[in-house]
Amino acid sequence: MSNKFLLKDLNKNLSKKDILQNLQILLKKFDNKKIVFSTSFSMEDQIITDIIFFNNLPIKIFTLDTGRLFEDTYKVLKKTIDFYKKKIFTFFPESQDIEKLYFEKGAFSFYLSLENRKECCFLRKVKPIKRALKGVECWITGIRATQSEARKKLDFFMWDENFNLIKYNPLLNWSLEDVNDYVKNKNLPYNNLYDKGFLSIGCEPCTRKIKKDEDIRSGRWWWENNTKKECGLH
Ligand code: SF4
């Protein structure tokens, strides 16, 4: 069965709730080298990491180090590795890409235009994830529908045209409260920035804390208006 046909089968027959059972089914359908999970150490991602590591599932977990992350994010990376005593792979941007970017535009070009911001995200996130997803057929993410208008249109299993693979979003219909409860009840390591008013955490220069009534992703690229607040990964 081609993966595009498999997609229909997965959306029709797999549970929208039992993530562990779904991951076990996916591991029977895909070679375990072809199914991966990407984490940014968000609360959501910590839940999926917990399900994978706690149950010893043979699914590779990787993260992207853009070079501009918060120190708190590196701390939660270390805490997570120590907590589970498991490996997490890290993908970096190509050094020559960043050397050229700095030489031509400096270290803060992303504030100057949407084009520049997308260029930086492309070099620091999209290019590295292309390497991380090479040969992968199923990519698991921690996306939730209520994080943004664009994400409300997503499905549990979807075809990702950019990376030519099936994307599985197991937490799609989880609420923020569901996420907080899981992390707190299981006492999982999480990023300290959540306790300081950050609800969506990306690169340090492009993320700020938000007020109670603001949209979750409004703290990302806050100087941009009326743009889809995504970096090219989703
Ligand atoms: S979030 Fe900001 S610093 Fe990070 S890759 Fe995108 S533009 Fe660059």
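This is a predicted model: local features need pLDDT of at least 70, side-chain atom pairs count only at pLDDT 80 or more; totals for chains, interfaces and linings use all residues.
Local features are reported at pLDDT of at least 70 and side-chain atom pairs only at pLDDT 80 or more, while totals for chains, interfaces and linings use all residues. Residues are numbered from 1 along each chain as its sequence is written, and side-chain values use heavy atoms, without hydrogens and water.

**Helix 3**

- Helices (H or I, at least four residues) and strands (E, at least two) are DSSP runs, numbered from the N terminus.
- Helix 3 covers residues 43-54, and its end C-alpha atoms are 16 Å apart. This agrees with the 16 Å that its 12 residues should span at 1.5 Å a residue, where the expected span is 1.5 Å times one less than the number of residues.
- After helix 3 comes N56, with a positive phi near 55°.

**Aromatic pairs**

- The whole structure holds 14 aromatic pairs (ring centres of Phe, Tyr or the six-membered ring of Trp within 6.5 Å; planes under 30 degrees apart are stacked, over 60 edge-to-face, the rest tilted).
- One of them is F70 with F198, edge-to-face at 5.5 Å centre to centre and 75° between the planes.
- F70 lies in the loop between strand 2 and helix 4 and F198 in the segment after helix 8, so this pair ties together parts 128 residues apart in sequence.
- F70 is buried at 9% relative accessibility, and F198 is buried with a relative accessible area of 9%.
- Y111 and W223 are also edge-to-face, because their ring centres are 4.7 Å apart and their planes at 80°.
- Y111 sits in the loop between helix 5 (95-105) and helix 6 (114-132), and W223 in the segment after helix 8, 112 residues apart.
- Y111 is partly exposed at 34% relative accessibility, as is W223 at 25%.
- F108, F110, Y111, W222 and W223 make up one aromatic cluster.

**Charges over rings**

- The charged end of R117 sits over the ring of W221, 4.1 Å from its centre (CZ of Arg or NZ of Lys within 6 Å of the ring centre and within 35 degrees of the ring normal).
- K186 lies over the face of F54, 4.2 Å from the ring centre.

Key:
Buried means under 20% relative accessible area, exposed over 50%, partly exposed in between (1.4 Å probe, protein chains only).
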